[in-house]
Amino acid sequence: MKSTLKKLLPFAVVGVISGATTVGAIQYFGHNSNNGDQSYFTTAAPTATFAGMNTGAVGDDFVKAAKTTVPAVVTIKNYQNRTSSRASEQDLFDFFFGDPFGGRGQQRQRQQQAPDNMPSGMGSGVIISPDGYIISNNHVVAGANKLEVVLSNKKSYIATLVGTDPNTDISLLKIEEKGLPYLNFANSDNIEVGQWVLAVGNPLGLNSTVTAGIVSAKGRGIGILGSQGKAANPIESFIQTDAAINPGNSGGALVNTNGDLIGINSAIQSTTGYYQGYGFAVPANLARKIVEDIKKFGIVQRGFLGVQSLDLSNDQLVAAYNKQNKTNLKAGSGVYVTGFGDNSGAEDAGLKKGDIITKVDNYAITDFADLSMSIGSKRPGDKVLVTYVRAGKENTTTVTLKDQKGGTSTRTKADLSVTEKIGAEFDPLNDRFKTEYGLNSGVVAKNVTEGSEMAKIGIVDNYIIIEINGKPVNSQKDVEKVLDKYQGNVQVKFVDDYGRIYTKGFKMP
């Protein structure tokens, strides 16, 4: 583990947070949707334009954008009980970059618990409707037992966390207020490299800070969501900008010179933990899709193509694949199909192993980030036109996207299984382990979802659950039987890595 982290250290990519943790929610850019709810959040006028590098009176454009954006960007304070039960729960960002908070990281570890009246972390958020919906990052709100929102005019509110999505690092909050200033969503597909943008947030505790730069690149996949183990199916197609972004900017706005929202600032690439010219934002189209899913369905609707793939733009991955499989693939553009998942819509539509995907609808696929973005913004049941190359010949086919269980319709929280609702799966505990540790029952937690009910009470992968609601559990079926159609408070008795036994609970969602 330590050697892996050391290898990653020079290229470390860190979510821009001020010690914030995790739990998020999200919404979507409704492509020509007839559903009013799916177009709840306001879209910028299609005539909106961007300022080029040689635009006259660019200072006036920045002033206009700043005046529009600053009142709609908020500070988010994350309050939580930071008990340190495992060494691996140390702040990953402190490990990579030292402690960017002036020694407070070490102080947190010594105290093991932050005072109740002090936030454990701070970040930013963007008001996206006049009735108080706020978009931010999942990592800004993660682990919170209370979220405080402070407007630019210093008014303070306690926010409700509507939902989160670790796969895109987006969250949705709500405060009870009306007539609030808010930002319109721009069509982030239309942005161009070289266009002026402004980043607005609260870096390093400096409220309502505006910085300017350009769009440096589009469709960046930097590996931060998957590498931290918080996202099971990460979608990374970031907008890269050189507008100065620092810890505390996370969840803030990246806007064009009209003050329209083109992205949610999420991460920096740095060897120090501070700005070095590389900032990354979740595109507005993807962010909007996520938050609208959360608002309407309570969960994110994720469509899958159903392919296992190789990014041909990555020379190292291609070389490794060739060595392992004794093939002679050439690095280049596109995504090479190496296999298919269960219930694959792509396989049903006629794709085969060895095909190279080059386009989804009218969206060019040059690498995996492009494919991730083009499919990640769709829902189960959506149909996409896939262009692929087979034996040097270009072909097209229509693929119906499915969810991970093979379904083609949207679901709500009521449709979820017990394990989906509580956010974990369970393996039986073998008899030898039970004997060695003196246990009469137990299941091993796996695939614990960040921000889930199980995660909120401190359960992580490989913890052992002994009882639920006072009943011994020895299989996933036992867990499902105890909680199926159950409503009310759930009591969980579990064992951590050190053999310590805890009893904690949550309300069944």
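Which side-chain oxygen reaches to the backbone nitrogen of alanine 369 at the start of helix 10? I would like to open with that detail, and the answer is a side-chain oxygen of aspartate 367, which comes to within 3.3 Å of that nitrogen. Please keep in mind throughout that what we are looking at is a predicted model.

Staying with helix 10 for a moment, this element covers residues 368-376 and is mostly covered, in that 8 of its 9 residues are buried.

Let me now step back to the whole protein, which has 14 helices and 27 strands. Of its 509 residues, 49% are buried, and the accessible surface comes to about 23,300 Å², with 48% of that belonging to carbon and sulfur atoms. If we take the contacts with a separation of 6 or more, residues 24 or more positions apart account for 67% of them.

From there I turn to the aromatic rings, where a search of the whole structure finds 5 aromatic pairs. One of them joins phenylalanine 62 and tryptophan 196 in an edge-to-face arrangement, 5.1 Å from centre to centre and with 75° between the planes. Because phenylalanine 62 lies in helix 2, residues 58-69, and tryptophan 196 in strand 10, residues 196-201, this pair ties together parts that are 134 residues apart in sequence. Phenylalanine 62 has a relative accessibility of 19% and therefore counts as buried, and tryptophan 196, at 17%, counts as buried too.

Another pair, also edge-to-face, is formed by tyrosine 321 and tyrosine 336, with 6.0 Å between the centres and 65° between the planes. Here tyrosine 321 belongs to helix 8, residues 315-325, and tyrosine 336 to strand 17, residues 335-340, so the parts tied together are 15 residues apart in sequence. Elsewhere, ring pairs link Tyr463, Phe494 and Tyr502 into a cluster.

Finally, I would point to two places where a lysine meets a tyrosine ring. Lysine 146 lies over the face of tyrosine 79, at 4.3 Å from the ring centre, while the charged end of lysine 174 sits over the ring of tyrosine 133, 5.4 Å from its centre.

How values were computed. Residues numbered from 1 in each chain as written. Predicted model: local features only at pLDDT ≥ 70, side-chain atom pairs only at ≥ 80, totals over all residues. Heavy atoms only, no water. Phe/Tyr/Trp six-rings, centres within 6.5 Å; stacked < 30°, edge-to-face > 60°. Helix = DSSP H or I, 4+ residues; strand = E, 2+ residues; numbered from the N terminus. Buried < 20%, exposed > 50% of the residue type's maximum accessible area, 1.4 Å probe, protein only. Lys NZ or Arg CZ within 6 Å of the ring centre and 35° of its normal. Polar contact = N/O pair within 3.5 Å; in protein donor to acceptor, adjacent residues only side chain to side chain. Contact = heavy atoms within 4.5 Å. Areas by Shrake-Rupley, 256 points an atom, 1.4 Å probe, with all protein chains shown as cover.
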